Amino acid sequence: METDAGTTYDKDDRGSARMKDEELFAMLKACVSDDIDHTSAWRRQASNDFKFAQGPGQWDEADRKKLIDENRPVVTFNKTNKYVRAICGIETNNRMETAYLPRELDSMGEVKANELLSAASQWMEDSCFATRHQSRAFRDATVCGMGWTEAIISYDDDPQGLYDETRIHPCEMV
């Protein structure tokens, strides 16, 4: 089957249309490439934002060079980091816990099952320091506007699988 745009679809054994693998790969590759191009200016700005929040990146190179050439000290009073740390401290102090609630409170089995789910969720977060990674992602969002964590089941250390939640640097995301 062919569409007006020239994209070819195959019917699978259930009768539903599927795009050919080569065309699907080409389309996905084009989408990722467009996303990378679209966010390249944001990535440069985010990199500058992180340098600015840390302090030394607050000076333009020309200004820094001029001060050094004149044998003047390059002094930075970093007030930005003070406010970023204050905002992140508020997030840490007001952190919420995940709680699973039953649909109906009259079913005792559902209440116990949801209490078990809540306890398991807390145990999983504690085992991989998830709150630390979530706080780092919140700091990233405070500095550059985006913060990301990734929750996975890792089979590297345990064949049964271990829950892992890690922070991903915002510039890696598309």
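Is N71 buried or exposed? With a relative accessible area of 71%, N71 is exposed; the classes are buried under 20%, exposed over 50% and partly exposed in between, with a 1.4 Å probe and protein chains only.

**Basis and confidence**

The model is predicted: local features need pLDDT of at least 70 and side-chain atom pairs count only at pLDDT 80 or more, whereas totals for chains, interfaces and linings use all residues. Residues are numbered from 1 along each chain as its sequence is written, and side-chain values use heavy atoms, with hydrogens and water left out. The average pLDDT (the predictor's confidence in each residue, from 0 to 100) is 86 for the protein, and 90% of the residues score at least 70. Helices (H or I, at least four residues) and strands (E, at least two) are DSSP runs numbered from the N terminus.

**Backbone**

N71 is found in the loop between α2 (61-69) and α3, and its phi is near 55°, a positive value in a residue other than glycine. A positive phi of about 55° is also assigned to F129, likewise not a glycine. F129 belongs to the loop between α4 (108-127) and α5 and is partly exposed, at 48% relative accessible area. Most residues other than glycine have a negative phi.

**Nonpolar core and surface patch**

The largest nonpolar core has 7 residues in all: A46, F50, A53, V84, C88, V143 and C144. Such a core is a set of buried Ala, Val, Leu, Ile, Met, Phe, Trp, Tyr and Cys residues joined through side-chain atoms within 4.5 Å. Helices α1, α3 (80-93) and α5 (130-144) each supply at least two residues of this core, with the largest share, 3 residues, coming from α1. Beyond its neighbours within four places in sequence, F50 is in contact (heavy atoms within 4.5 Å) with D140, V143, C144, H169 and P170.

On the surface, L24, M27 and L28 form a nonpolar patch with about 240 Å² of accessible area together. Patch residues have over 30% relative accessible area and no salt bridge; like charges are joined within 9 Å, and nonpolar side chains (Val, Leu, Ile, Met, Phe, Trp, Tyr) within 5 Å. Accessible areas come from the Shrake-Rupley method with a 1.4 Å probe, and for residues only the protein chains shown count as cover. M27 lies in helix α1 (residues 21-54) and is partly exposed, at 39% relative accessible area.

**Salt bridges**

The structure holds 5 salt bridges, each a side-chain nitrogen of Lys or Arg within 4 Å of a carboxyl oxygen of Asp or Glu. Among them are the following.

| Pair | N to O distance |
|---|---|
| R72 and E70 | 2.7 Å |
| R95 and E91 | 3.6 Å |
| R167 and D140 | 2.6 Å |

R167 lies in strand β4 (residues 162-168) and D140 in helix α5, so this pair ties together parts 27 residues apart in sequence. D140 is buried, at 3% relative accessibility. R72 is partly exposed at 47%, and E70 is partly exposed at 37%.

E22, in helix α1, is exposed at 59% relative accessibility. E22 and D140 are 118 residues apart in sequence and 37 Å apart in space, C-alpha to C-alpha.
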